[in-house]
Amino acid sequence: MANALKIIIADDHPLFRQALTLTLSAHFKGVSLAEAQTIDELDHALNLQGQNNSQAFDLLLLDLDIPGAQGFNSLINVRNTYPELGVIVISGYEDADTIAKAMSYGAAGFIPKSTAVPEMVIAIEAVLGGELWTPTGAYSSQSANEPQESKIASLTPKQHKILMMFADGMLNKQIAYELGLSESTIKSHASTIFLKLGVKNRTQAVILLNELQLNQASFGQETLS
């Protein structure tokens with residue numbers, strides 16, 4: 001039996017947390033929810049799961065303005081300490097610069113607090129499915145002009161292996177079984193891969209990989225001729 005989805009909400013507004021909890025409980029059957037009002041409470045909750053060898057959280061819904069957050073530092077620290085944890089920033093700010101910075105620091109999604117509930121659910125489902133999401137929908141990295149080689153090189157060995165498995169047509173559940181990881185962990189890795197490559201989904205990631213391989217093969221033939 002698959003583990004229940006585990007989500008932690010880090011926000012210091014009780015009414016917003018309550019509304020979000022009701023929404024998530026209504027739309028995600030069997031979801032396990034935890035709450036944190038400060039960065040200290042969030043750190044404690046994340047550390048506790050490791051100490052108890054319990055199932056890791058699948059997703060963090062993070063308000064950048066909770067006590068102790070210090071701007072983007074909380075997001076950066078969480079992504080560095082728990083790289084397999086998907087993070088969606090939920091914020092009262094929704095300017096393009098804030099959204100771009102949050103995504104560049106590793107968020108898998110950005111949901112303004114003004115977003116309608118049905119759209120919030122769509123965004124969360126998209127991220128849980130391995131996509132990146134912002135108020136305009138799917139997200140593309142700002143690194144469009146970066147050479148393909150640099151994008152591929154930015155992947156960790158595990159991320160590169162997962163990308164190669166995408167290219168082999170393997171499903172997330174098959175990759176999870178092969179690597180001994182949970183399916184939610186694979187989805188989180190996928191979101192990071194898409195961000196680094198500047199693509200929206202696995203199809204585009206595989207196309208970029210294939211183009212790079214073709215370019216390298218073509219270059220090799222030229223040097224031999």
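Tutor: One term before we start: a helix axis here is a line fitted to C-alpha atoms over the stretch in contact, and angles run from 0 to 180 degrees between N-to-C directions. Also keep in mind that this is a predicted model.

Student: OK, which helices do I use that on, and at what angle do they cross?

Tutor: Take helix H8, residues 172–179, and helix H9, residues 183–197. Their axes come within 8 Å and cross at roughly 110°.

Student: What do you call that arrangement of H8 and H9?

Tutor: Angles from 65 to 115 degrees count as roughly perpendicular, so H8 and H9 are roughly perpendicular to each other.

Student: Which residues meet there?

Tutor: On the H8 side they are Asn172, Lys173, Ile175, Ala176 and Leu179, and on the H9 side Glu183, Ile186 and Lys187. By type, the contact of H8 with H9 has four nonpolar residues, one polar and three charged.

Student: Let me step back. How many helices and strands are in the chain?

Tutor: The chain has 10 helices and seven strands.

Student: And how much of the chain is buried?

Tutor: The chain has 225 residues, and 44% of them count as buried. On contacts, take those in the chain with a separation of 6 or more: 65% of them are between residues 24 or more positions apart.

Student: Back to H9. Is Ser188 buried or exposed?

Tutor: Ser188 lies in helix H9. Its relative accessible area is 8%, and the cut-off for buried is under 20%, so Ser188 is buried.

Student: What does Ser188 touch?

Tutor: Leaving out residues up to four places away in sequence, Ser188 touches Pro83, Glu84, Leu85 and Gly86.

Student: Where is Gly130?

Tutor: Gly130 is in the loop between helix H5 (117–128) and strand S6 (133–134). Gly130 is buried, with a relative accessible area of 2%.

Student: Where do Phe166 and Phe194 sit?

Tutor: Phe166 is in helix H7, residues 157–167, and Phe194 is in helix H9. They are 28 residues apart, and the pair links distant parts of the chain. Phe166 and Phe194 are both buried.

Student: What does UniProt say about Asp63?

Tutor: An unreviewed UniProt entry places the feature "modified residue: 4-aspartylphosphate" at Asp63.

Student: Where is Asp63 in the fold, and is it buried or exposed?

Tutor: Asp63 lies in the loop between strand S3 (59–62) and helix H3 (73–81). At a relative accessible area of 4%, Asp63 is buried.

Student: Which residues is Asp63 in contact with?

Tutor: Setting aside its neighbours within four places in sequence, Asp63 is in contact with Ala10, Asp11, Asp12, His13, Ile90 and Lys113.

Student: What about Ala56?

Tutor: Ala56 lies in the loop between helix H2 (39–51) and S3. Ala56 has a relative accessible area of 41% and is partly exposed.

Student: What does Ala56 touch?

Tutor: Not counting residues up to four places away in sequence, Ala56 touches Lys6 and Gln49. The C-alpha atoms of Ala56 and Lys6 are separated by 7.4 Å, and the two residues are 50 residues apart along the chain.

Student: Last one: where is Asn210?

Tutor: Asn210 is in helix H10, residues 202–224. Asn210 counts as partly exposed, at 34% relative accessibility. The C-alpha atoms of Asn210 and Ala167 are separated by 8.4 Å, with the residues 43 apart along the chain.

Conventions:
Residues numbered from 1 in each chain as written. Predicted model: local features only at pLDDT ≥ 70, side-chain atom pairs only at ≥ 80, totals over all residues. Heavy atoms only, no water. UniProt positions renumbered as here; feature names shortened; annotations may be inferred. Helix = DSSP H or I, 4+ residues; strand = E, 2+ residues; numbered from the N terminus. Buried < 20%, exposed > 50% of the residue type's maximum accessible area, 1.4 Å probe, protein only. Contact = heavy atoms within 4.5 Å. Parallel < 35°, antiparallel > 145°, perpendicular 65-115°, else oblique. Nonpolar A, V, L, I, M, F, W, Y, C, P; charged D, E, K, R; others polar.
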